[in-house]
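Visitor: I have a model open and would like to talk through a few of its features. Could we start with the charged pairs and then move on?

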Amino acid sequence: MSWLLVLPLLVPLTTGILCLVLPGRTAQRVLGLAGALGLLAAGLALLAQVQRQGIQAVQIGNWPAPFGITFVADHLSALMVLISGVVAVAVALFALAENDQAREGLGYYALGHLLLFGVNGAFLTGDLFNLYVWFEVLLLASFVLMILGGSKAQLAGGVKYFAVSLLSSILFLVAVGLLYGATGALNMADLALRVERVHPGLLTALSMLFLVAFGLKAAVFPFFFWLPASYPAPPAMISALFAGLLTKVGVYALIRVFTLIFTHDTGFTHSLILWVAGFTLLLGALMALAQGELRRLLSFQLVSHIGYMLMGLGILTPLALAGSVFYALNHMIVIAALFLLAGLLQRLQGTTVLVRMGGLYGPYPWLAVLFLLPGLSLAGLPPFSGFWAKYTLVAAGLQAGQYGIVAVALLVGLLTLLSMGLVFAEVFWKKAPEGARAAPGGLGGRVLPVGLLAVLTLAIGLWAEPLLSLSQAAARELLEPAGYIQAVLGVSR
Amino acid sequence: MEILLAFLVGGLAAVGVYLMLRPHLIQFLIGFLVLGNAANLLIFTAGRLGSQFPPLVQPSGAVLEPYANPLPQALILTAIVIGFALAAFGIVLFYRAQQALGTLNAETILEAPDVSPAPSPVDELPTEGVRR
């Protein structure tokens with residue numbers, strides 16, 4: 001059933017093209033939601049297939065494995081595709097309610113689906129150069145989305161985002177070229193077999209190039225500066241899509257290459273990843289505390305929590321990797337909800353500068369609850385999904401004896417709680433400041449997607465077993481690449 | 001030949017990095033183009049130089065040995081196309097940024113009016129009156 005593997009690519013591509021071609025706004029809006037729902041369904045079907053029959057691989061154009069381009073879906077890929085479908089549906093619902101005529105007229109739905117096309121391609125490809133191409137697909141779509149509408153803040157943020165992305169693209173290209181020169185392979189499964197013959201020192205140097213290239217995309221320490229400078233600029237329906245999906249592609253790529261290809265010297269490479277994770281966690285959390293603007297604050301929280309995903313990769317035990325995967329999935333939902341919520345708050349108060357906000361608890365008590373659900377999940381409090389993600393990582397860290405990173409992880413959990421508490425106090429408890437805008441009208445259907453994501457994080461928290469066991473299956477596959485190689489190349493190691 | 005190309009790649013990379021570090025964004029873009037060419041030549045060199053025979057199959061079914069590796073060229077072709085698209089987008093983006101922000105100097109673009117602290121982008125859209 002190989003078409004299931006290309007379905008998460010075909011659905012957004014078809015939707016994107018149709019949205020470009022069809023002139024009517026109504027048609028685009030219907031298609032935008034239908035495409036997102038279709039992607040979610042495709043993700044579910046793919047995950048069910050992987051769950052039933054193990055790792056799926058399809059050779060595009062029937063070129064046999066190391067020569068042609070292979071698409072592979074293991075548990076990690078399928079889960080990432082599924083959750084990106086969830087985020088896509090939530091954002092599409094939000095965009096429908098937002099009814100931003102200017103941006104819809106400029107092709108918001110087409111670009112959004114082309115972005116999803118690139119994201120899912122990156123999750124599913126089994127070829128390193130093809131991964132580079134998918135990165136470019138999603139980057140170009142995200143460049144245009146970033147500046148769609150052309151406000152000054154968007155252009156200023158877009159320039160920075162563009163510049164940093166160019167740099168990381170070239171680094172990635174150089175790294176792929178050198179790795180090809182050293183091994184003669186681009187297929188990731190083939191690479192996993194061939195790297196044994198490469199000098200370990202050269203391989204470590206190459207792995208560092210990949211760490212920098214993907215680290216720039218994932219916005220980890222010390223390459224995170226661009227993210228808080230650009231993500232707050234576009235409106236919520238775009239920044240939530242970016243926050244939920246784009247950095248996770250970088251994290252996914254890091255997890256993939258550092259479990260499949262670069263496992264020759266984990267004492268050096270993965271210890272370095274742990275250090276990077278620690279600094280990302282700590283600096284992101286501290287800088288989030290220093291922000292006076294909600295979306296910049298959330299951007300720093302986003303950066304900080306990328307560190308948790310790297311922490312599991314750095315520890316590299318089955319439990320730790322399961323924690324990383326679980327954290328990435330949970331974080332996609334939670335951070336998208338928070339960015340959408342920032343859009344709601346901006347609509348109510350006309351600003352996201354915290355000192356100019358306040359007094360929302362009286363008229364909107366349910367909105368406070370809606371903020372607390374993902375907010376507390378981000379901080380890792382039970383009974384939300386963030387708790388289990390953090391619990392798994394901390395337990396794995398203690399088992400592996402990595403007490404330093406565990407201490408940092410727990411401290412950052414506290415700092416996140418403090419940061420979320422501050423936002424809650426500023427936005428909901430504090431009296432509305434002088435001259436604050438009275439709430440203009442209702443929020444309408446915008447609440448629905450935020451509510452869905454918030455309920456989802458609560459539901460995963462209360463019923464964590466299915467997603468956790470899926471994450472553990474993903475971790476097992478990552479640590480035993482023989483199955484992946486077998487599925488792609490048809491030979492065992 | 002490899003050594004010659006290695007020096008060429010190194011030289012181009014140095015020029016590209018220097019230009020990308022300059023404050024003006026157009027210089028940054030030209031630096032990106034130069035660095036992109038360095039990366040392409042690097043892939044070309046990493047794919048082994050050597051034979052000049054094309055990788056063609058004769059009517060008899062025989063292959064000219066040793067034939068040139070076609071894969072690096074395919075990769076470079078892809079990378080050139082992508083680099084072209086990025087550069088084209090970059091030029092338009094910088095043009096619009098120059099119009100809207102009045103500067104293309106990386107040092108001053110941060111202090112451009114209305115950019116920091118981050119304003120509310122929804123408010124700036126011309127359709128504001130329509131939607132509210």
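**Salt bridges, helices and a patch**

Guide: This is a predicted model. In it, A:Glu104 and A:Arg25 form a salt bridge, with their closest N and O atoms 2.8 Å apart.

Visitor: Where do A:Glu104 and A:Arg25 sit in the chain?

Guide: A:Glu104 is in helix α4 (residues 101-105) of chain A, and A:Arg25 is in helix α2 (residues 25-53) of chain A. The two are 79 residues apart, so the pair links distant parts of the chain.

Visitor: Is A:Glu104 buried or exposed? And what about A:Arg25?

Guide: A:Glu104 counts as buried because its relative accessibility is 2%, under the 20% limit. A:Arg25 has a relative accessible area of 29%, which makes it partly exposed.

Visitor: Which residues are linked with them in a network?

Guide: The network of salt bridges links A:Arg25, A:Arg29 and A:Glu104.

Visitor: How many salt bridges are there over all chains?

Guide: Nine, from a search of the whole structure. One of them joins A:Arg256 to A:Asp74, where the closest N and O atoms are 2.9 Å apart. A:Arg256 belongs to helix α11 (residues 236-260) of chain A, while A:Asp74 is in the loop between β2 (70-73) and α3 (75-98) of chain A, so the bridge ties together parts that are 182 residues apart in sequence. Both A:Arg256 and A:Asp74 are buried.

Visitor: What does A:Asp100 pair with?

Guide: A:Asp100 forms a salt bridge with A:Arg103, and their closest N and O atoms are 2.9 Å apart. A:Asp100 is buried at a relative accessible area of 2%, and A:Arg103 is buried at 0%.

Visitor: Switching to chain B. What elements does it have?

Guide: Chain B has five helices and zero strands. Of its 132 residues, 36% count as buried.

Visitor: How do α1(B) and α2(B) cross?

Guide: Helix α1 (residues 2-21) of chain B and α2(B) have axes that come within 7 Å and cross at roughly 160°. That angle is over 145 degrees, so α1(B) and α2(B) are roughly antiparallel to each other. Their crossing is left-handed.

Visitor: Last topic, the surface. Which residues make the nonpolar patch of about 370 Å²?

Guide: B:Phe53, B:Val57, B:Val63 and B:Tyr67 make that patch.

Note on methods:
Residues are numbered from 1 along each chain as its sequence is written. Chains are lettered from A and ligands numbered from 1 in the order in which they are written. This is a predicted model: local features need pLDDT of at least 70, side-chain atom pairs count only at pLDDT 80 or more; totals for chains, interfaces and linings use all residues. Side-chain values use heavy atoms; hydrogens and water are left out. Patches are made of residues with over 30% relative accessible area and no salt bridge: like charges are joined within 9 Å, nonpolar side chains (Val, Leu, Ile, Met, Phe, Trp, Tyr) within 5 Å. Accessible areas come from the Shrake-Rupley method with a 1.4 Å probe; for residues, only the protein chains shown count as cover. A salt bridge is a side-chain nitrogen of Lys or Arg within 4 Å of a carboxyl oxygen of Asp or Glu. Axes are lines fitted to C-alpha atoms, for helices over the stretch in contact, and angles run from 0 to 180 degrees between N-to-C directions. Helices (H or I, at least four residues) and strands (E, at least two) are DSSP runs, numbered from the N terminus. Angles under 35 degrees count as roughly parallel, over 145 as roughly antiparallel, 65 to 115 as roughly perpendicular and the rest as oblique. A crossing is left-handed if the near helix is turned anticlockwise from the far one by less than a right angle, and right-handed if clockwise. Buried means under 20% relative accessible area, exposed over 50%, partly exposed in between (1.4 Å probe, protein chains only).
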